[in-house]
Amino acid sequence: MRYFAGVDIGTSSTKAIITDENLNIVAEATAHYGVDMPKPLFAEQRAEVWLKGFTQALSEAVNKANVRDIEAVCVSGLYGGSGVPLDSAMEPLSPALIWMDKRATQETEWVKEHIGVEKLFEITGNYVDPYFGFTKILWLKNHHPDWKKFKLLLTPKDYVIYKLTGEIAIDYSSAGNIGGVFDLKKRNWSEELLKEMEIPRHLFPDRILPSNAVVGKLNSEFASVLNLKEGTPIVSGGIDAAVATYATGVEKSGDHVAMIGTSMCWGTIHDGRYLTPKMVNMPYVIEPLKNIYSFGGATTAGAILEWFRKEFAPDQTLQELEEEAKKVPAGAEGVKVEPYFMGERAPLWDPNLRGKITGLTLSTTRAHVYRAFLESLAESLRLNVQTAKEASIPLKDEIYVVGGVTKSELLMQTIADLLKMKVKTLSSTLDAPIGDVKLAINRIEA
């Protein structure tokens, strides 16, 4: 029997699994960590946090499985944001500004004024917003004292892969997700836009690889740390939402998946004829030169549920809150939640939106409000599906939902009722790592 490892570096945790060649999970492990938010709308993480989370989760899974002979390890990761700024010695110069960070508002307006959204969309297939990595990079250019020392920017998972292998690369989905510096038609960095934004070309990897490509071999240092064999192939992986989409078997136009964790990402694939600036568009993790992955979502999904529990029911679990909410009728008797606690990305593209709770009366209970929070997530998903349909993107009348929030029966039923679609879930909540394993099994030599 052959064994494979899939590791997803997420916003709040890293998940690792060991499977056999039939995708049967033989071991799994999770390492938890937090996000630094030093100011409103700031969201940062340090590279060493991701590296520590990766080694902790994977080594624990390997030890549980008691298998050293792994055929390949594939690594997916959260949206790259600014990437990890590295100096000439490949040492981090500052935390990475992750996807959740919304500080680059002035840079966003500069791009609109000096480059224009039409030109940007024509080249990159994307809009401009503080969400995108390239606006965060512009913020670093304008504000970071060591900007001139930046020699390279690596996404979270590509930084970890560099530490594992000594190889520098990025996959097509991660490159496309940076936004305004990636030419979606040429599937390469846009020399024109880089020049206009005065961002040095050397900050981005020369090697852009398919997500199932082998980047390099595991070095002796981390082979010892992970209890794996030196020379184990390390596979490039991709953006976690796209990899989670692949985990469900999405390989054809019309299939669509919502990944609901800390945030929500809903996405589908097509041949590129249905681009809209209301969605985020990037090469898919399978056949990236042919397929486009278009997605939207909600910046705060599971995060607002956990916020509500922490602030208003610290002694309760989310499951206990759900049991209370089940007793409240659909519609929460007029209580409404706008779930925009950190602004909103696609399809609304408004960093200034804020969360709201309305419709409160003296008869409103905690259960009403929690149900309204769940319904707000379903409404965000409905908005994304509606936006795709308006762009003529073909969609099937069934949807996959993956991620930890799939444990909520009430949310799954609310989604089915609101979208009028059949909802399917994976038997395991380890969605992206399963996609990683599938990529590892189908790996190619770059």
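This note covers a sheet, a helix and some aromatic contacts in a predicted model.

1. Ground rules. Residues are numbered from 1 along each chain as its sequence is written, and side-chain values use heavy atoms, without hydrogens or water. Because the model is predicted, local features need pLDDT of at least 70 and side-chain atom pairs count only at pLDDT 80 or more, while totals for chains, interfaces and linings use all residues.

2. The sheet. Seven strands form an open sheet with mixed pairing, in the order β3-β2-β1-β5-β14-β13-β23. Strands are DSSP runs of E, at least two residues, and helices are runs of H or I, at least four, numbered from the N terminus. Strands pair if DSSP finds at least two bridges between them. β3 (25-32) and β23 (444-445) are the edge strands.

3. Helix α10 (residues 302-312). G302, I304, L305, F308 and R309 are buried, meaning under 20% relative accessible area, with exposed over 50% and partly exposed in between (1.4 Å probe, protein chains only). These buried residues pack against α11 (318-325) and α12 (366-390); contact means heavy atoms within 4.5 Å.

4. Aromatic pairs. Rings of Phe, Tyr and Trp (its six-membered ring) pair if their centres lie within 6.5 Å; planes under 30 degrees apart are stacked, over 60 edge-to-face, the rest tilted. The count is 20 aromatic pairs. Y293 and F295 are stacked, at 5.6 Å centre to centre and 25 degrees between the planes. Y293 is buried at 0%, and F295 is buried at 0%.

5. A pair within α10. F308 and F312 lie four residues apart, about one turn of the helix. Their pair is tilted because the planes stand at 40 degrees, with centres 5.4 Å apart. F308 is buried at 3%; F312 is partly exposed at 47%.
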